[in-house]
Amino acid sequence: MVTKRNSLRLAAVAALGALFLGTAGTAMAAAPAAPAATDPDPVAATAPAPVASAPVASVSAGITAKPSVTSVQAWQLFRVTGTTTGLEAGSTVTLQQKQHGTWVTLPASVHTTRNGSYSLGVKLGIKGLNELRIVSGNTASPVFTVTVR
């Protein structure tokens, strides 16, 4: 089943493909003419000029994250909400906590909705200022903090 979103993706891919193909054709047309007949290597004179590969357009992935509170009691439930861009709908986002200078993945994750948003329930037990972030694959949100009293 083709959805409107997939139709738009296909149209975008087709447009980019046409653009890159047109760019490659332009590069070949602008290549210098074959060398003069005095060229000692006739094979090199008839070989087509190399064409530089067109750059691949990449969509930058991103994640936002906002805690519902900035301070909680130990093990008190709060929410982290946000949106993702450049990730597939239904991607898993996971909470990470900085512990002794290392990012540790916590057992708190959720799938994104069709529009890329998420809402994650969180309970923390380490008292003090907690540095947190939301990750999905190699993409991470900016760091945010929650103080546990």
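**Talking through the chain**

Me: At what relative accessibility does Ala61 stand, and what does Ala61 count as?

Reply: Ala61 counts as partly exposed, because its relative accessibility is 29% (buried means under 20% relative accessible area, exposed over 50%, and partly exposed in between, with a 1.4 Å probe and protein chains only). Before going on, please keep in mind that this is a predicted model, where local features need pLDDT of at least 70 and side-chain atom pairs count only at pLDDT 80 or more, while totals for chains, interfaces and linings use all residues. Residues are numbered from 1 along each chain as its sequence is written, and side-chain values use heavy atoms, with hydrogens and water left out.

Me: Ok, and where is Ala61, and what is it in contact with?

Reply: Ala61 sits in the loop that runs between helix H2 (42–46) and strand S1 (62–63); helices (H or I, at least four residues) and strands (E, at least two) are DSSP runs numbered from the N terminus. Setting aside neighbours within four places in sequence, Ala61 is in contact with Thr85, Gly86, Leu87 and Thr139, where contact means heavy atoms within 4.5 Å. Ala61 and Glu88 are 27 residues apart in sequence, and their C-alpha atoms are 9.8 Å apart in space.

Me: Zooming out, how many helices and strands does the chain have?

Reply: There are 2 helices and 10 strands in the chain, and from the N terminus on the order is α-α-β-β-β-β-β-β-β-β-β-β. The chain has 149 residues, of which 23% count as buried. Among contacts between residues at least 6 apart in sequence, 57% join residues at least 24 apart.

Me: And what is the mean pLDDT of the chain?

Reply: The mean is 77, with 60% of the residues reaching 70 or more; pLDDT is the predictor's confidence in each residue, from 0 to 100. Over residues 7–36 the pLDDT stays under 50, and the model has 11 contacts beyond four places in sequence for them. Residues 41–46 are also below 50, and that stretch has 3 contacts in the model beyond near neighbours in sequence. Where pLDDT is low, the predicted coordinates should not be read in detail.

Me: Let's switch to Arg133. Which strand is it in, and is it buried or exposed?

Reply: Arg133 belongs to strand S8 (residues 128–136), and it is buried yet has no salt bridge, meaning a side-chain nitrogen of Lys or Arg within 4 Å of a carboxyl oxygen of Asp or Glu. The nearest side chain of opposite charge is that of Glu131, 9.8 Å away (Lys and Arg count as positive, Asp and Glu as negative, and His and the chain ends are not counted).

Me: So which side chain makes a polar contact with Arg133?

Reply: The side chain of Gln96 does, at 2.8 Å; a polar contact is a pair of N or O atoms within 3.5 Å, and within protein one must be able to donate a hydrogen and the other to accept it, with residues adjacent in sequence counting only if both atoms are side-chain atoms. Not counting residues up to four places away in sequence, Arg133 touches several others, including Trp103, Pro142 and Phe144.

Me: What about Gln97, buried or exposed?

Reply: Gln97 counts as buried because its relative accessible area is 3%, and its place is in strand S5. Its side chain makes a polar contact of 2.5 Å with the side chain of Gln99. Leaving aside neighbours within four places in sequence, Gln97 is in contact with a set of residues that includes Leu106, Leu124 and Ile126.

Me: Last topic, phi. What is the phi of Trp75, and where does Trp75 lie?

Reply: Trp75 has a positive phi of about 65° although it is not a glycine, and it lies in the loop between strand S3 (71–72) and strand S4 (78–85). Most residues other than glycine have a negative phi. Trp75 is exposed, with a relative accessible area of 58%.

Me: And what is the phi of His100?

Reply: The phi of His100 is near 55°, a positive value in a residue other than glycine. His100 is in the loop between strand S5 (92–99) and strand S6 (102–111), and it counts as exposed because its relative accessibility is 85%.
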